[in-house]
Amino acid sequence: GGAPFGWGGDAGGAHHQHHQHHHQQQQQHDGYAAHPPSEGDLGAEIARLKPVRAARARYAGKLHVLARGVDGMRWRVRTGELVGNELRLLRTSKSKSGRPRRAAFVKGLDAAEVAVVARARAPTPTPFVFQLVTAQRSLLFCAPDEPSAHAWMHAIRSVATPPPLMSDEQRIAPRNRLVLPVRADPTEANGTTTFSWEWSVRRKDIGFEGYFEAEDEDAQYPVLVIKWARHAAEAGKVVGSYTVSRPGVLMLCWDNTYSVATAKILSYRVTKETQVFSGSRS
């Protein structure tokens, strides 16, 4: 069988040998409970996170994060810490004084979602890539192995607040964008999820686009749902829909990055409807 959640091949051609040998040896998972599950026992791996959440204790582990530095965009090794609904990324090296370095990044998980990246467009340390999507930005992470990636995604989802699917007055600052991730949960073989949206901008215009990140073993690159275009306020409401028959996350993006000084006020409403068909579909 293929890999669950869509990690079906090497991501960008990097370290495919690691993926092949993943199930041939027991690996040490940084930051996990003291007694790892038997090899390949993903259910036990995820189940061990439940008492962590109940106790509001710290969950930590090694992650690669795609981040910009003085040497440009690179995958950087960080120690991730999940405390309450806050994700912290700490540098793994210590300061000259011997004390641990301060967190390089802190992010509250309000209005956040995580999604598998089935095939990254650039080489990655391992094939097990996922993204954290919030209203303001998207972060790419790379886990050491598949159980680690599943466990991190499960842990983040267990404390994250899902984004609101309706707003009458959403302000998007100049040089910023709003990303709304909406999840299509797994359905039965003949099931579908239909997303519908309508929105308008109060004055001037704003860019809009959308894509779907599938999470199954046949997943490839993200599917372009809405091609980027600027929409003027005078044109009125923008209405659309998209139907899928696989789990994943729909990303709706409103883009005001081209505006230097003008904020935009957005009103939007997004719904999703799941249908399960009892027999074969004609």
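Mentor: One term before we start: accessible areas here come from the Shrake-Rupley method with a 1.4 Å probe. Also keep in mind that this is a predicted model.

Trainee: Okay. How much accessible surface does the protein have?
Mentor: About 14800 Å². Carbon and sulfur atoms hold 49% of that surface.

Trainee: And what share of the residues is buried?
Mentor: Of the 282 residues in the protein, 45% are buried.

Trainee: How many helices and strands are there?
Mentor: There are 4 helices and 15 strands.

Trainee: What about contacts along the chain? What share comes from residues 24 or more positions apart?
Mentor: Take the contacts with a separation of 6 or more. Residues 24 or more positions apart make up 69% of them.

Trainee: Let's do a sheet. What is the strand order in the open sheet of 4 strands?
Mentor: The order is E9-E14-E11-E12, and the pairing is antiparallel.

Trainee: Why is one side of E9 and of E12 left without a neighbour in the sheet?
Mentor: Strands E9 (176-184) and E12 (223-232) stand at the edges, and each has a single partner strand, so one side of each lacks a neighbour. On average, neighbouring strands in this sheet are turned by 15° against each other, ignoring direction.

Trainee: How many bridges join E9 to E14?
Mentor: 9 bridges, with E14 covering residues 248-256.

Trainee: Now E12. Is Lys227 buried or exposed?
Mentor: Lys227 is in strand E12. Lys227 has 68% relative accessibility, so it counts as exposed.

Trainee: What does Lys227 touch, beyond its neighbours within four places in sequence?
Mentor: Phe208 and Glu209. As for Tyr211, it is 16 residues from Lys227 in sequence, and their C-alpha atoms are 8.5 Å apart.

Trainee: Switching to rings. How many aromatic pairs are there?
Mentor: There are 7. In one of them, Phe212 and Tyr242, the ring centres are 6.1 Å apart and the planes stand at 55°, so that pair is tilted.

Trainee: Where do those two sit in the chain?
Mentor: Phe212 is in strand E11 (residues 205-214) and Tyr242 in strand E13 (residues 238-244). Phe212 has 2% relative accessibility, so it is buried.

Trainee: Which residues form the aromatic cluster?
Mentor: Trp199, Phe208, Trp254 and Tyr268 form one cluster.

Trainee: Last one. What lies over the face of Tyr258?
Mentor: Arg230, at 3.9 Å from the ring centre.

Conventions
Residues numbered from 1 in each chain as written. Predicted model: local features only at pLDDT ≥ 70, side-chain atom pairs only at ≥ 80, totals over all residues. Heavy atoms only, no water. Pairing = 2+ DSSP bridges. Axes fitted to C-alpha atoms, helices over the stretch in contact; angles between N-to-C directions. Phe/Tyr/Trp six-rings, centres within 6.5 Å; stacked < 30°, edge-to-face > 60°. Buried < 20%, exposed > 50% of the residue type's maximum accessible area, 1.4 Å probe, protein only. Lys NZ or Arg CZ within 6 Å of the ring centre and 35° of its normal. Contact = heavy atoms within 4.5 Å.
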